[in-house]
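Hello,

Here is the structure I promised to hand over to you. Have a look at it first, and then read on for what turned up in it.

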Amino acid sequence: MFTINHLKKSFDHNDVLKDISASFPKNNISIIVGANGSGKTTLMNIISGLVVADNGNIDLDDIPYNSQHYSENLFYVPSDFYLPGFLSGREYVNFVLSRYPHPNYDLLPYLFSLFDLTDSQNKLLEGYSFGMKKKVQLIAALTVGSKYLFADEIFSGLDFETVLLAEELFLKLRESTGIVIVSHEMNTLEKFPQNIWLMKSGLLVPYNGDVRSLPDAIKSTGKLGEKIASIKRHFPIA
Ligand SMILES: Nc1ncnc2c1ncn2[C@@H]1O[C@H](COP(=O)(O)OP(=O)(O)OP(=O)(O)O)[C@@H](O)[C@H]1O
């Protein structure tokens, strides 16, 4: 179990994370959903050790936060990522896997082929499209062998077929890994509805309703309803 207890983070006087407590089970896919600017990336950055929290603690299967063992058991795919353009796709994945204790190199030829990257795997990443880079990140995430995978908008920018493939692969990956995905995509929420968390007003709360009612739940608690009504006032039908 990956647990977060009373995590807090402010930037100047902006209390972004007010009191975050949550638990993400192993062998399951959890989804975090929330408005732009609600603090999802800040939370991911704290979990991955890129940003320091003001308060609170994090526990990965009783492994101390930010220890080497912790880093070896967690893989993070940020939404805004940089890949070294001077490496080939295959070299990059090999490099990532070499830093983890239980990587699965045997799956690499299959996955590069599945994502139609066999012919490009030895070409430099600087020549890859955004979607191709995303696929490379997916391949790393699927083979790195970490206990937990955190991914911010992992399916965005991928074509429809690739999203379907990736979702099926994640269903297999969850048999050995706790997966936490930040997503705004309704398709993703409908595919993995078991453990949804709503980020709002600096808190993370479990969402136990029907996924199809989630937009209405967000609408009724936020200002969306008001904003939609204002559009009708500002764009009156001629
Ligand atoms: N380094 C920083 N310095 C100052 N403010 C920051 C910093 N990082 C994030 N913030 C602020 O924290 C808030 C949450 O930002 P964050 O990127 O975590 O949101 P998000 O939920 O990931 O948004 P999005 O869905 O748009 O990616 C925003 O108000 C942002 O301006």
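**What was found**

Setting aside neighbours within four places in sequence, Leu 7 is in contact with Leu 17, Ile 20, Ile 46, Ala 53, Asn 55 and Gly 56. Please keep in mind that this is a predicted model.

Leu 7 sits in strand β1, which covers residues 2-11. Is Leu 7 buried or exposed? A residue counts as buried when 20 or more other C-beta atoms lie within 10 Å of its own. Leu 7 has 23 other C-beta atoms within 10 Å, so Leu 7 is buried.

Leu 74, in strand β6, can be treated in the same way. With 24 other C-beta atoms within 10 Å, Leu 74 is buried. Its contacts, leaving out neighbours within four places in sequence, are Ser 48, Leu 60, Ser 146, Tyr 148 and Phe 150. The C-alpha atoms of Leu 74 and Arg 233 are 159 residues apart along the chain and separated by 48 Å.

Next, the helices. Helix α3 runs over residues 89-98, and its buried residues are Gly 89, Arg 90, Tyr 92 and Val 93. Why do they lie on the same side of α3? They cover an arc of only 160° around the axis, and that places them on one side of the helix. The face turned away from the buried side carries the exposed residues Phe 95 and Ser 98. As for partners, the buried residues of α3 pack against α4 (108-114) and α5 (130-143).

The buried residues of α5 include Lys 134, Lys 135, Val 136, Leu 138 and Ile 139. Among the elements that cover the buried residues of α5 are β6 (74-77), α3, α4, β7 (148-152) and α6 (160-173). Just after α5, Gly 145 takes a positive phi of about 80°.

In soluble globular proteins, nonpolar side chains tend to be buried together. Here the largest nonpolar core has 56 residues, and those with the most contacts inside it are Ile 31, Ile 139, Ala 141, Phe 150, Ile 181 and Trp 197. Which helix gives the most to this core? That is α5, with 6 residues. Not counting residues up to four places away in sequence, Ile 139 touches Val 93, Leu 108, Leu 111, Phe 112 and Phe 115.

There is also a ligand to look at. Among the residues surrounding the ligand are Phe 11, Asn 14, Val 16, Gly 34, Lys 40 and Thr 41. The elements giving two or more residues to this shell are β2 (14-24) and α1 (40-47), and α1 supplies the largest share, 3 residues. By class, the shell has 2 nonpolar, 8 polar and 1 charged residues.

Finally, two loop residues. Asn 66, in the loop between β5 (63-64) and α2 (68-72), has a positive phi of about 65° although it is not a glycine. Asn 66 has 15 C-beta neighbours inside 10 Å, so it counts as partly exposed. Ser 201 lies in the loop between β9 (195-200) and β10 (203-207), and its phi is near 50°, a positive value in a residue other than glycine.

Enjoy exploring!

Methods. Residues numbered from 1 in each chain as written. Predicted model: local features only at pLDDT ≥ 70, side-chain atom pairs only at ≥ 80, totals over all residues. Buried ≥ 20, exposed ≤ 12 C-beta atoms within 10 Å, placed from the backbone. Helix = DSSP H or I, 4+ residues; strand = E, 2+ residues; numbered from the N terminus. Arc of directions from axis to C-beta. Contact = placed C-beta atoms within 7 Å. Near = placed C-beta within 6 Å. Nonpolar A, V, L, I, M, F, W, Y, C, P; charged D, E, K, R; others polar. Core = buried A, V, L, I, M, F, W, Y, C linked by C-beta atoms within 7 Å.
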